[in-house]
Structure formats: structure tokens, C-alpha cells
Amino acid sequence: MPLEVKPRFVVLYGSQKGQAESIAEGIAEEAEEHGLVADLCCLNQNNKYNLEKERAPVVFVVSTTGDGEPPDNALQFVKRIKKRTLSPDHYKHLLYALLALGDTNYANFCNCGKTIERRLRELGARQFYPTGYADDGVGLELVIDPWLKGLWNSIKDALTKMASDRTVQLKEDSAKEIPESSLPDVQLNLLSIADKQICEPDSKYSSSLAISDVRPPPASTVSTSAPNTQACSEGFPQVSLAASLTSSLPPLSESSLNVPALPPSYLDVSLQEADTAEQAAERLSKESRYEVPISKAVQLSKGDSVKTALLLELDISAFPSMTYHPGDSFDVFCPNVAEEVDHLLHRLGLQDQKNHHVQISVKDNTKKKGAQVPPHIPENVSLLFLLTWCLEIRSVPKKAFLRALVEHTSDSAQRRRLQELCSKQGAADYNLYVRDASLGVSELLAAFPSCSPPLSLLIELLPKLQPRPYSAASSHLRHPEKLRFVFNVVEFPACSGRPAGRRGLCTGWLFDLVSPGLVFPEKAELALPKIHVSLRPNCSFRPPSDPSLPFVMIGPGTGVAPFIGFLQQREEERKENPEAKFGETWLFFGCRYRDKDYLFREDLENFVSSGTLNHLKVCFSREDRKDEEEPPSAAQPRYVQHNLLLCCRQVTDILLRQNGYIYVCGDAKNMAKDVNETLMEMIKIELQVDQLEAMKTLAGLREQKRYLQDIWA
Ligand code: FAD
């Protein structure tokens, strides 16, 4: 009796914040339902997979970070496949499918996925399923859900094709006396695919919880009818006139639901009394982070400015290896807000055990593929430390998280609503009440009082607390042993599900940290606390390596930060080498009001006086304009792009004829897009070409790394 060997395929992921990783894990987990087996690996685990010899279909799930860069754990892979020495048939044997995650708020949408795909094709690999480009700007699931749905049949088709190709190959080779033992694998694979195709549903959803499904679903995972939620709820009002986070209206409240499969639980978590006091700082510094004192904190915005802009200076003198260049960015590690952690501890009923050590191990019989203790949780940390420094407790709960919460919710109406929110039919409600409102786990638990998830569920499903990147706003030539950065304190308004507004996690924390010692520029420096930082991998957002080339900088608001570093550096270089030829410099800056948020005004004017900055173009979006009736335009500049258009001839000359550079920094949502549109218009005007040609010219500038962006949402 031959052993049944399930057909296998490979899932490889590159993930910065864990999204691509969890999608890849989901694919690997679901494989079994389809009669397949998946080998799951991170792209940086190159000792665990071998694409050069891989004969099974490969599914890539990759995100993009920064200005179109690969996630850290995919960097080496991308570098490897980009090698020009690889031959065009290097991956001739490979069949692949690719899901790229990105955000259209950024210019290089899904760039990492596109780069990998381009190289795979150039190296001979063949696609077995069309690439999905999921956009976080509008909701990843709009692309991901249908893409996943269609994936399974395509994998099976690809396996069948590969197997029959191999059979043909083997028959052709039989004259060369290939041992017979090579054959059975292939035949078994074909057999098991055929078996499964008869009895397996093809969709991610259909195997789970369609309420109208003729097959009875598992009792533990489905509500068998749409309950009269308003009538039987313990926690909700009897009558609902409008939909909200906690209640829905017809047709959703009455419809059958397709909810995702329950994510398998994979961790055993216990709490043990600890006798040693924990040193949070020690634990953090173990992970190659620098603990540096803040040597200066300056409020740059003035009066009743809408946004509070701060400059912080770090004293990095104790770490000579911490060298940086203008344009580099670095990570700031911040904790969760103490009150929010406390609230969560209470809500989980674990307040009395906050100093206990958390023991985590992988369940023996878990169905989760590649299950491991999350690497971002150090061993033997206290529960308080775990919730403060390791988990992003404010992160918006994913649908898988909502699905898992259903199992720990006693009230039937609340269960139904959670099912709705994670279902296909409830996607619009999820986007409106959870995603767009940016609700965190605490807010969700407050809205669903009968839900009591175990701690293990949070550890399994909450992502790593991410450090926040900031751009250096200084030059080490001007300020040796110092590193400066600038930020606005982010403010979130109150909304449905969150009665009070709140500050951004990192910017709110930094503000609270320095506000007692906050000084205005003319005041003396004060001793301030220490924070943990680490330098980010080197970027290409640097001034031109040839100083004789001209460059244009566009940085409204805090986007001016790296350009202060650029200009300080240039000024120092000019002092060191007065005979050298330096290219022209332009800066386009914009803010609301001249007297409130014109950041670095004095510094910029000094750069102009010294000849370091040749052209400074500033506009104020909220100041009186000559003719209020007229819309903002080049004639009445309000935003940086209007000033840019006014200088169309000079700027395009720099870019198109003088081999110069253009840098854009700051808001990704509006400004960077508007500037991009304006540049396109300018190229059309100057070169007398159509939209397509202008787009190609801009793309060429990007390719040559002469149009560079450092933008953030
Ligand atoms: P968080 O708590 O992380 O909240 C901010 C997030 O919430 C945003 O990402 C946005 O998606 C979301 N959000 C925003 N408004 C709302 C709203 N009203 N409702 C719901 N959700 C909302 N920032 C600077 O100020 N200066 C810099 O020099 C700088 N450099 C950067 C360089 C790089 C390479 C990158 C990637 C980012 C940079 N940033 C910079 C952004 C910075 O890293 C942080 O994202 C920013 O400071 C906010 O962090 P936070 O923790 O305070 O906010």
C-alpha cells in the first residue's frame, strides 16, 4: 500500500510590520484544507529554502517599506536576485505566484513586489497565477481576499502541470535508464490532487462559516442563524436606529455570513511569580540599540499653532560607531502608554500579576505552520514589560483577531457582531468602524464587554511594537556627537468607539518626556532623559555625491528636517574647501502662518545670506491672499507645488539638462502626490510632450535616483 504524499508548495515572505508574514502563515495553514502541504520560510532564511533547485510552485508574499525599499528581512534576497551575473535561465524551472503589499499614498507602490517579479521573469521563472497588488491606502483585503480565493486552484493546476512535465521528461529520459524510484512521487502527487479536487471546496471562505451552507459547520465556530441581536443582547441597547461599532442594520444584520477560518492557537502561556526586579533598559539595550540622552528639546512652532513641532537633540558622544549622514533616518523605540497598559491589564483580569514572568512555549499539537515563540518577545519578561515594550496594543485588530475573539465572547449578540465585522459581508462596517477609526484592542474590548480573551491570544495575534523612524535634521560636520530630529506631535480626534482624542504613540511620549525641560531656542540647555534609538539601514536619500551638481529640495512643514542637515553639511564643506565648485541649491518650504510654524526660519535665512542656499521659496497656506476669490495657483501660491510651477523653467533645466537632483520630504498623503503631478505638468510644458512621455521621463529620473522621496503618512 503506497504512502500518501501530499503535494507540496513553498510560501516565502518578506515582511516589515508582520502583515505579509501573517498572510503567508495563513496560506500555509490553509494548505491542509486543500490537501496540500506548504513549506513556509522568511526570505532571509536562505538556508531553509533553495530556489535554484525548487521543483514545487512558489508563492511570494512581500511588502514594501520606506521609499519603495524591500522589508529588512527581504533585503539580502533582493540583492541576490539582482546580481547581473545570473543567467537568463537561472530560474527557468520555477513556477511562481506573487502577492505584493503596498500603499498608494507612497510613490513607489508595491515596489519590492514589482522588483522581485521583474527579476524572476528576467531569470526565466514563469508565473502560474496573476500577481496581486494590495493597497493599504484603500484596504488590503480588497485585493487579498479574492486573490487568496483563486490561489488554490491555481496551485493545484501548477502542481499538475509540473508533475505531467516531469512525467514527460522522465519518459523521454527513460532511455537513459533513470531509476524507477523517481516516478512514484509524481504519480502520488497527481493522485492526491485529483482526490482533493473532487471533495475540497475551492475557496478560503467556503470551508468555513457560510450560515446558509448545506453542510453543518462546526458548532464552536458558527452562529447558526442571524440572531435577533437587538432583542437578546445583554450588553447592547434594545433598539438600534443606526449602525455602529456594536450594532448593525439590515441587510447585514440578517444576512448569512462568510467568516474567515479560525486562526489556530499555537502558544501555551503561563505566568510565574518572579523574585528578581526587572531592568527594562538592560533588556532593550541587549538588542543592539543605543541608549542616548536627549541633550536639548526645542519647541519650533509658536503661539497657537495648530500643530506642535519639536526639535530634539541626542547626545551620541558615547557611541562613536553611531555615524550618520544627512538624509539618513533612525528608529526611536517608544513604550505603550502606561494608562493604556494598566487598563488592558485590568480588562484581562491580570492586574495583580503584572510583575509575574511570562512563560511562553509552542503548543505540542498546534496546527499552525512554522509556529514559534514570537521573536520580538525576550525570554522571562514580566507581563508589564511585555505589554509596555513588545506588543503594539494600539494596532488595529485584523479580521483574524476579531474572528478569534468570537470564541471568547459569551453574549450571542456580541458574538454575532464580531462575526459580522470579520465577515466578507461586513467588510464595509469593518473599514468604517474599526480600520478608519484606528481602534485598538482596548477600545474593542470596551465595546464588547462579554469578550474575555486569554493573554495567549494577544501574544499570538498582536504585532510587534514597532519603533518609529525619524530623519536626521543635522549634519555631524556641524554638530559632531549630536543627532537632531524634528517632529509634529500627532493628534487623533475622538470618534465613534473612542470618546476622547489621543496623541500619536511616539510623538506623544516624546512630548511628555521632554515637556518639563522644553525650551525655546534662546534658553539654556537642560538635562533630559535617555531614549533608545538605532540607525536604519543606509538609504539613497543623500545630497549628490558630486557637489558641483545642482539640487532642488521640497520640504514643507517638518519635511524640511533632512534639508537642514543637507544645508549644514554643504555650509561646512564650503568652509573647508572655499575654492571648490558647488552646484546651485533650491529649497521650497511651506507652512500655515509666517509667525507660527515657519520652522527654522532664522537658519534658512542665514543659509541664504551665507550663499549656501541660493533660492528659498516659501509660501503660507493660511495667510491672506491678494484675491480670496481666486483659487490657489501659481499666480497666488499657497502650497509648495504652486511655487514650484512658478519656477518651472529653472527646475526643469536642473533636472533635464544639468543632471541635477530633486528631493521631496514630508507628507505622503497629499503633498508628495501633488508635487509629483506638478512635476509631470512641468515636464509636459518644457519638453512639449504628452502625459505618457512625461511619466516616462519622471520614472527615468527615479530610476537614476535623481528624483528621491523621504515621505511618510
Ligand atoms: P502613531 O501612534 O504611530 O500614529 C500615527 C499613525 O496613525 C499614522 O501612521 C496614520 O496612519 C494614523 N493616523 C494618523 N492620523 C489619524 C487619525 N486622525 N485617525 C486615525 N489614524 C490616524 N515624522 C516626523 O514627524 N519627522 C520625521 O523626520 C520623520 N521621518 C520619517 C522617516 C521615515 C523613513 C518614515 C517611514 C517616517 C518618518 N516620520 C517622520 C513619521 C514617524 O515615523 C511617525 O510615523 C510619526 O511621528 C507618528 O508616530 P506616532 O507614534 O506619534 O503616531
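The model is a predicted one.

Val292 stands opposite Ile531 in strand 16. In general, the strands of a sheet pair through backbone hydrogen bonds, and the pairing is either parallel or antiparallel.

Strand 20 and strand 21 run parallel and are joined by six bridges. Here Cys665 stands opposite Asp710 in strand 21. Five of the six residues of strand 21 are buried, so this strand is largely enclosed by the rest of the structure.

Helix 21 (residues 691-703) has 13 residues and reaches 18 Å from its first C-alpha to its last, close to the 18 Å expected at 1.5 Å a residue. Its buried residues are Ala694, Leu698, Leu701 and Arg702. Seen down the axis of helix 21, these residues fall within an arc of 105°, so they line one face of the helix. The face turned away from the buried side carries the exposed residues Leu692 and Glu703. Among the elements that cover the buried residues of helix 21 are helix 19 (648-656), helix 20 (671-687) and strand 21 (707-712). Helix 21 is followed by Lys705, whose phi is positive, near 60°.

Of its 16 residues, 12 are buried, so helix 16 is largely enclosed by the rest of the structure. The buried residues include Phe563 and Phe566, as well as Gln568, Arg570 and Glu572.

The structure holds 19 aromatic pairs. One of them is formed by Phe60 and Phe77 and is tilted, with 6.0 Å centre to centre and 35° between the planes. Phe60 lies in strand 3 (residues 58-62) and Phe77 in helix 2 (residues 75-82), so the pair ties together parts that are 17 residues apart in sequence. Both Phe60 and Phe77 are buried.

Phe551 and Tyr663 form an aromatic pair that is edge-to-face, at 5.8 Å centre to centre and 85° between the planes. This pair links distant parts of the chain: Phe551 is in strand 17 (residues 551-554) and Tyr663 in strand 20 (residues 661-667), 112 residues apart. Phe551 has a relative accessible area of 1%, and Tyr663 has one of 0%. Buried means under 20% relative accessible area, so Phe551 counts as buried, and so does Tyr663.

The two residues also belong to a wider group. Phe541, Phe551, Phe563, Phe566, Tyr661 and Tyr663 form one aromatic cluster. Phe563 and Phe566 are among the buried residues of helix 16, while Tyr663 lies in strand 20, the strand that runs parallel to strand 21.

Technical notes:
Residues are numbered from 1 along each chain as its sequence is written. This is a predicted model: local features need pLDDT of at least 70, side-chain atom pairs count only at pLDDT 80 or more; totals for chains, interfaces and linings use all residues. Side-chain values use heavy atoms; hydrogens and water are left out. Helices (H or I, at least four residues) and strands (E, at least two) are DSSP runs, numbered from the N terminus. The expected span of a helix is 1.5 Å times one less than its number of residues. Buried means under 20% relative accessible area, exposed over 50%, partly exposed in between (1.4 Å probe, protein chains only). The arc is that of the directions from the helix axis to the C-beta atoms. Contact means heavy atoms within 4.5 Å. Two strands pair if DSSP finds at least two bridges between them. Rings of Phe, Tyr and Trp (its six-membered ring) pair if their centres lie within 6.5 Å; planes under 30 degrees apart count as stacked, over 60 as edge-to-face and the rest as tilted.
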